[in-house]
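This report describes side-chain pairing, local backbone features and overall composition. Please consult the sequence and the coordinates alongside the text.

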Amino acid sequence: MEQRRLNGLAKIAPAVLVTLGLVTLTGCVSRPSPDVLKPVHLQARADETGVGVLTATNRTPDTVRGGFGSAWADNLTYEQYAFSVPPDRKGVTIAYPTSTLDPERQFAVIDRKQLAKDAFVEEALRSVQPDGTIGIFVHGYNYSYQEALYRTAQIAADAKMPGAPILFSWPSAAAVAGYVADRDAALASRSALDSLVTSLSASGKVKRIVLFGHSMGGFLVMETVRQLKLQHRDDVVGKLAVILAAPDIDVDVFRSQLKDIGRMPIPISLLVSKDDRALVASSFIAGERPRVGRLDINDPVIEEAAVKERLRVIDITSIQASDGLGHDRYASLAKFGAQLASFESGRPSTAGDVGAYVFDAAGAAVASPFRLAGRVVGAH
């Protein structure tokens, strides 16, 4: 009996340590308050760089501090932001503005306005790229509104993408202990994301919507696509290019989602890494059930499943993470010249586009959108 108990402790110890590490990291790092959403005035410079971001959120406005909290709202709020971007930033770590702002080192909001839905859609259509593409970023667990907003600005700046990407911010509790609450909030946000996607797809100018979900945001994305499919909205689903980065989705739940969704015109892309320690923690919380974001592309079963389910499973372990957990690699993809990490090149997808790949970070900068080292493992 004692030996079995010790073996059990040894089995769960790594996951417990990771979970504690998440708490420690969050406790040591100062997280930005809603004050970073206040526009600042900067003297114009010849070398000044900036980006725009559009946001849609079902968080309840924080009327006291001027941001958005973790309470769930019945309606979407739309905003438009302009950012000053530090010219010589290194890596993907974001330096937030302080009372003594240094624009050479820190990101900063220089303009902010709330928009009515019609005005938001109009601004979004102005950001549609020449090939008809528009991008929506859906953040993951333990994100505040301002953290998700600044991350979207960083991705847009590094990708040097034309127009303004769209952030969909769902009401995460922005707390390590809020994992279950975040799961509920993500599920409750399906109709809100559905509404956003549907309103954009209604325009003939929009040919493709890159729906990029990170971590638990990937779970929300898949649930929303499933909802659209069950509503027989094939006109909307047909425009979606779904990309899931480090998806925090139970493998069997994902299979069930795929069964309901069926084959999409543009294959779903999964950005995975076996050494994602944040997903080790979420797996532990879920009773040690495996997560999609930690799939091993060298496993023949995974290779076969990728082709059978018409998926692109891309191992991005070669990309350096900045969070110490291997969970935020997606934020570094933009510097390789992708359109919000899209693996599409504007041409129709073929059967040869599915399978398992390895992302070669060393050679990626010479190709657009990406250079994938490896091979497609087969196709129907």
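## A charged pair within helix 8

Asp252 and Arg255 lie three residues apart in helix 8, so about one helical turn separates them. Helices (H or I, at least four residues) and strands (E, at least two) are DSSP runs, numbered from the N terminus. The two side chains form a salt bridge whose closest N and O atoms are 2.5 Å apart; the term denotes a side-chain nitrogen of Lys or Arg within 4 Å of a carboxyl oxygen of Asp or Glu. With a relative accessible area of 41%, Asp252 is partly exposed, while Arg255 counts as exposed at 51%. Here buried means under 20% relative accessible area, exposed over 50%, and partly exposed in between (1.4 Å probe, protein chains only).

The model is predicted: local features need pLDDT of at least 70, side-chain atom pairs count only at pLDDT 80 or more, and totals for chains, interfaces and linings use all residues. Residues are numbered from 1 along each chain as its sequence is written, and side-chain values use heavy atoms, with hydrogens and water left out.

## The salt-bridge network

Asp252 also meets the side chain of Arg289 in a salt bridge, at 2.6 Å from N to O. Because Arg289 lies in the loop between helix 9 and helix 10 and Asp252 in helix 8, this pair ties together parts that are 37 residues apart in sequence. Arg289 is partly exposed, its relative accessible area being 35%. Salt bridges with shared partners join Asp248, Asp250, Asp252, Arg255, Arg289 and Arg291 into one network.

The structure holds 19 salt bridges, and one of them pairs Asp248 with Arg291 at 3.0 Å, N to O. Asp248 is found in the loop between strand 7 (240–245) and helix 8 (251–261), and Arg291 in the loop between helix 9 (277–285) and helix 10 (300–308), so the bridge ties together parts that are 43 residues apart in sequence. Asp248 counts as buried at 2% relative accessibility, and Arg291 counts as buried at 4%. Side chains of opposite charge can pair when their charged atoms come close.

## Aromatic pairs and a charge over a ring

A pair of aromatic rings is described by the distance of the centres and the angle of the planes. Rings of Phe, Tyr and Trp (its six-membered ring) pair if their centres lie within 6.5 Å; planes under 30 degrees apart count as stacked, over 60 as edge-to-face and the rest as tilted. A search of the whole structure finds seven aromatic pairs. In one of these, the ring centres of Phe83 and Tyr150 are 5.0 Å apart and the planes stand at 85 degrees, so the pair is edge-to-face. The pair links distant parts of the chain, with Phe83 in strand 2 (residues 67–85) and Tyr150 in helix 3 (residues 145–159), 67 residues apart.

Phe83 counts as buried at 1% relative accessibility, and Tyr150 counts as buried at 0%. Ring pairs link Tyr81, Phe83, Tyr96 and Tyr150 into a cluster. Elsewhere, the charged end of Arg183 sits over the ring of Phe219, 3.8 Å from its centre; this requires NZ of Lys or CZ of Arg within 6 Å of the ring centre and within 35 degrees of the ring normal.

## Glu79 in strand 2

Glu79 has its place in strand 2 and is buried, with a relative accessible area of 3%. Its side chain makes a polar contact of 2.7 Å with the side chain of Tyr145. A polar contact is a pair of N or O atoms within 3.5 Å; within protein, one must be able to donate a hydrogen and the other to accept it, and residues adjacent in sequence count only if both atoms are side-chain atoms.

Residues up to four places away in sequence not being counted, Glu79 touches several residues, including Val53, Phe68, Arg112, Lys113, Phe120 and Tyr145. Contact means heavy atoms within 4.5 Å.

## Positive phi at non-glycine residues

Asn142 has a positive phi of about 65 degrees although it is not a glycine. The residue lies in the loop between strand 4 (133–138) and helix 3, where Asn142 is buried at a relative accessible area of 15%.

Ala246, likewise not a glycine, has a positive phi of about 45 degrees. Ala246 is placed in the loop between strand 7 and helix 8 and is buried, with a relative accessible area of 8%.

## The chain as a whole

The chain contains 10 helices and 11 strands. Of its 380 residues, 53% are buried. Among contacts between residues at least 6 apart in sequence, 78% join residues at least 24 apart. The chain exposes about 16600 Å², of which carbon and sulfur atoms supply 54%; accessible areas come from the Shrake-Rupley method with a 1.4 Å probe, and for residues only the protein chains shown count as cover.
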